[in-house]
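Welcome! Here is a short briefing to read alongside the sequence and the 3D view. Take it one topic at a time and look for each part as you go.

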Amino acid sequence: MLDKHGIAKRIAKEVKDGYYVNLGIGIPTLVANFVREDIEVEFQSENGVLGMGPFPYEGEEDADIINAGKQTITTLPGASFFDSAMSFSMIRGQHVDLTILGAMEVAENGDIANWKIPGKMVKGMGGAMDLVASAENIIVAMMHTNREGESKLLKSCTLPLTGVGCVKKIVTNLAVIEVTPKGFKLLERAPGVSVDEIKNATEGHLVIEGEIPEMKI
Amino acid sequence: MINKKVANVTEALQGVKDDMTFMFGGFGLSGIPENAIAQLVKLNVKGLTCISNNAGVDDFGLGLLLQQKQIKKMISSYVGENDEFERQMLSGELEVELIPQGTLAERARAAQAGFPAFYTPAGYGTEVAEGKETREFNGKMYVLEHAFKADFGFIKAWKGDAAGNLVFKGTARNFNPNMCGAANITVAEVEELVPVGELDPNQIHIPGIFVQRIFQGLHYEKRIEQRTVRQRS
């Protein structure tokens, strides 16, 4: 079984040379730490920066340079700043190659819910609805089950949707899964996790074809 | 040169009344019009509709207006950093319209650019699209969203001049340029009001035509919401 760093590490393998990548808050943010150093990738943050770098050294924080999680950041050579409308032109206009975000629920048809629990948690969708409605390549990073042990990979979402039929791939603490017209297709198992364990933790239809390899991370 | 300079925040906010609709630049606490917000707290105008990506934190930014219950309705994309906001919303005291961030930016830009409405894929098939016109283009579904209408737009820039030209810094730019000229009156406050002619025309982000009033802001706190650092190795 993977921890959140392991999930980030596995997702980092999906990041290819020349990609512009938008990372959501939470596990997706960690992906930046594991991207291969011999490839060129630029991270976009929807509040208006392309070419995001690591956190600043203490004493060098700048209130005017933050990411979408409102954290102080730095920029790398070649970086640029822009306004919010232009930022979402990059996203809506499909100029961003890969979007990695978290989710509360994903359905077997690719629907995603990650912005609201009615009557309980009301924080808002931020840029998530724009991202999922537009991106060609969306990977969800999340735990396979919630705190109550219930599956987050469902036949259909129970929470208010963020987007419909948009998720392509899911990386959890247990597995790598592709969303296909037939359902959740199991591609890889996390180290030490059996196909049965994944089956038991998946409420939606799980497609298992042949031997399922263990992840290499 | 058409002069947009006003003496201070008091003059800049003349005409502000109860029940008006305002737009505020800023993402989180970055690039928020601190002086205008402080003046609105002082004027204690009520029944406001506020368009802003976020709602500040409990004791800063738009949180200050929430504390005094000056806001009737909030139009935002993300409000997760403010407990008082959540309390007022869940108790029904505060009306809230949550909309996608890109839609928020574009509704401001549409108002600035003279478009009454536009189609976006964001929110299609979700509760955000309920009651809205939808339409298919090239096999994909889109939702019709309308330009904002507001009485005042409050903008924060890094540098500006009396002609109303503005330059922003870093990610404090965010929604600010999109909201310039999107309301009936655009009020810009700047950290540095420089003499006309000092700003390079090639480097101006927002031309003065989009700004009605500009003033030298004072005492910027520029609070950091999430101070994240790395260790020196």
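In chain A of this predicted model, 10 strands form an open sheet with mixed pairing. Their order across the sheet is 4-3-2-1-5-10-12-13-14-15. The edges belong to strand 4 (75–81) and strand 15 (206–207) of chain A, and each of these pairs on one side only.

**A closer look at one strand pair**

- Strand 12 (residues 169–171) and strand 13 (residues 175–180) of chain A run antiparallel and are joined by three bridges.
- If you find A:Ile170, you can look across to A:Ile177 in strand 13 of chain A, which stands opposite.

- B:Ile2 lies in the segment before helix 1 (9–12) of chain B.
- Is B:Ile2 buried or exposed? B:Ile2 counts as exposed because its relative accessibility is 66%, and the cut-off for exposed is over 50%.
- Leaving aside residues up to four places away in sequence, B:Ile2 touches B:Ala162 and B:Ala163.
- B:Ile2 and B:Ala163 are 161 residues apart in sequence, yet their C-alpha atoms are 5.7 Å apart in space.

**Helix 4 of chain B**

- At the start of this helix, a side-chain oxygen of B:Asn82 comes within 3.2 Å of the backbone nitrogen of B:Glu84.
- Helix 4 (residues 83–90) of chain B has these buried residues: B:Glu84, B:Phe85, B:Glu86, B:Gln88 and B:Met89.
- What do the buried residues of helix 4 of chain B pack against? Their partners in chain B are helix 3 (63–67), strand 3 (71–76) and strand 4 (95–98), and they also pack against strand 9 (121–122) of chain A.
- Just after helix 4 of chain B comes B:Gly92, with a positive phi of about 85°.

**Where the two chains meet**

- Chain A and chain B each bring 51 residues to the contact.
- Together the chains bury about 4,300 Å², and 56% of that lies on carbon and sulfur atoms.
- B:Thr171, B:Thr228 and B:Arg230 supply 16% of the area that chain B buries against chain A, more than any other three residues.
- Seven salt bridges are counted between chain B and chain A.
- The side chains of A:Lys70 and B:Glu81 form a salt bridge, at 3.0 Å from N to O.
- Across the interface, 33 residue pairs are in polar contact.
- Helix 4, helix 5 (101–113) and helix 6 (176–179) of chain B each supply at least two residues of the side that touches chain A.
- Helix 5 of chain B gives the most to that side, with six residues.
- The residues on the side of chain B that touches chain A divide into 18 nonpolar, 19 polar and 14 charged.

Note on methods:
Residues numbered from 1 in each chain as written. Chains lettered and ligands numbered in written order. Predicted model: local features only at pLDDT ≥ 70, side-chain atom pairs only at ≥ 80, totals over all residues. Heavy atoms only, no water. Pairing = 2+ DSSP bridges. Helix = DSSP H or I, 4+ residues; strand = E, 2+ residues; numbered from the N terminus. Buried < 20%, exposed > 50% of the residue type's maximum accessible area, 1.4 Å probe, protein only. Contact = heavy atoms within 4.5 Å. Polar contact = N/O pair within 3.5 Å; in protein donor to acceptor, adjacent residues only side chain to side chain. Buried area = accessible area lost by both parts, 1.4 Å probe. Salt bridge = Lys/Arg side-chain N within 4 Å of Asp/Glu carboxyl O. Nonpolar A, V, L, I, M, F, W, Y, C, P; charged D, E, K, R; others polar.
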